[in-house]
Amino acid sequence: MYRNTSTPADDNGCGWFHLSPARTPKPGHKGRSSARWVVLGAGFTGLAAARQLAFHYPADEIILIEAQVVGFGASGRNSGFAIDLPHDIGAADYIGPLPTARMNLKLNLRAQGILERLIKEHGIDCQIRPDGKYQAAVEAKGLAVLEAYRSGLEKLDQPYEMIDAQDLPDHLGTSFYKKALYTPGTKLLQPAALAKGLAETLPANVTLYEGTVITSIEQGDRVTLRHDAGEIVADQLLLTNNAFASHFGFLPGRLLPIFTYASMTRPLTAEEQQRLGGKETWGVIPADPFGSTLRRTPDQRLLVRNSFSFNADGRAHQRYLDRAGRQHRDSFERRFPMLSGLPFEYTWGGSMCLSRNHMSHFGSLARNVHGALCCNGLGITRGTVTGTLLANWLAGERDELIDFLLSAEGPNRNPPEPFLSVGVNLNLRWGQHRAGMES
């Protein structure tokens, strides 16, 4: 038996969640239930896996369990970039080895196709737009990254546009950046609205239980998941809960719950929009991984995301949130002096599941237990496609993408505590310091 050593506890400040269409959460589970398939974690990965299992097994009930409510956790707290291109932050050119990059491109494009089909089919209002993304730099180190990224894109035969400083205000309004590399394939969206919409349009044979915190998992001929109000017995369990999988004893010492933080302004007035200039909507990711991500949303809010912390328990901590809020204000003022003092309406944190070698887990974890875990910062696309393909694999399908995922080495081992927490947080603080003006 594996007892849960930590439970999700996100802060209540996520702008995406509060601004997305309201829905009534499904009731929590009570009593004793039994099912052939149980999926633990209703983020993008779990929603995709449950939906695809329901497609393969229309006569079976699929149980999907969420500890919080859909859209409130990590899936609703990212910056809303459904990225098409390889995004290997461990590679100098963000691309990495070409054979691997080509497969990652196929995975991301498959994910975009899945999401676009579901959004259109079900009329999900998640503000999806084909805006592409800007990767922008101001420091010499960041400018060098853009040149390396350009080289990688040329090797991968992917379109891009390099935009110089004098032209960037026409795109972004701000004259802060010295150069940006624009790629057209990224879709920008409202992540919490997407997660909620996917949950509301699950197939009829998927039963979603929200607010159900699993406290232990017991393995045997079947898998028993217990919580304070009952238990669920599964023939097959799919773990789609990222770093929380390690709290149940799976992939111990291999997953890193890294929190990043964002602040979002109130809507800009018409006069403020004119003062800012540039395009009506856009998204910027930093050349330096420790720099600031930015969004200008369809409802004319500005978002700034930066600052990091390693929260080993996977839970939010107010001291990190307060520190991040101060950094967001500094970052905003540097980029948008024409809007100095514009208040933030929301500030929040959210976790990413990373590994030291930037690898994910896909496949079996133990008898009757399987997982698609550790998206390494690409939760929308990577979660969607790996959840879908995990269900396909369990249904007996094989293709080049499934074979590619199964052949990956998986997350490597971390140093033991307390060295891990101290080392990772020091490294995060040093990375943010070295980012300089990019932060």
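Okay, some housekeeping. It's a predicted model, so local features need pLDDT of at least 70 and side-chain atom pairs count only at pLDDT 80 or more, while totals for chains, interfaces and linings use all residues. Residues are numbered from 1 along each chain as its sequence is written, and side-chain values use heavy atoms, with hydrogens and water left out.

So, the big picture. The protein chain has eleven helices and 19 strands; those are DSSP runs, H or I of at least four residues for helices and E of at least two for strands, numbered from the N terminus. Its radius of gyration, taken over C-alpha atoms, is 21 Å, close to the 22 Å that the globule rule gives for 439 residues, so the chain is as compact as a globular protein of that length. That rule is 2.2 Å times the number of residues to the power 0.38. Along the principal axes, the C-alpha atoms fill a box of roughly 65 × 50 × 45 Å.

Buried residues make up 58% of the 439. By buried I mean under 20% relative accessible area, with exposed over 50% and partly exposed in between, using a 1.4 Å probe on protein chains only. As for contacts (heavy atoms within 4.5 Å), take those with a separation of 6 or more: 77% of them are between residues 24 or more positions apart.

Now, which helix is largely enclosed by the rest of the structure? That's α6, residues 191–200, because nine of its ten residues are buried. The buried ones include Pro191, Leu194 and Lys196. Among the elements covering them are α1 (15–19), α2 (44–56), α3 (98–122), β9 (206–209) and α9.

Over in strand β2, residues 31–40, we find Val39. Val39 counts as buried, at 0% relative accessibility. Beyond its neighbours within four places in sequence, Val39 is in contact with a set that includes Ala49, Leu53, Ile63 and Leu238. Gln166, on the other hand, is 127 residues along the chain from Val39, and their C-alpha atoms are separated by 50 Å.

On to cysteines. Cys375 counts as buried at 10%.

A cavity, on a 1 Å grid over the protein atoms alone, is a set of points where a 1.4 Å probe fits but cannot get out; a pocket is an open set with protein on both sides within 12 Å along at least five of seven lines, and lining residues have an atom within 4 Å of a point. β18 (361–366), β19 (369–373) and α9 (379–394) each supply at least two lining residues.

Last stop: the second largest pocket, with a volume of about 550 Å³. Of its 25 lining residues, Thr100, Asn104, His358, Met359 and Arg382 are the closest to its centre.

Technical notes
Grid points are joined across faces, edges and corners, and a volume is the space filled by probe spheres set on the points.
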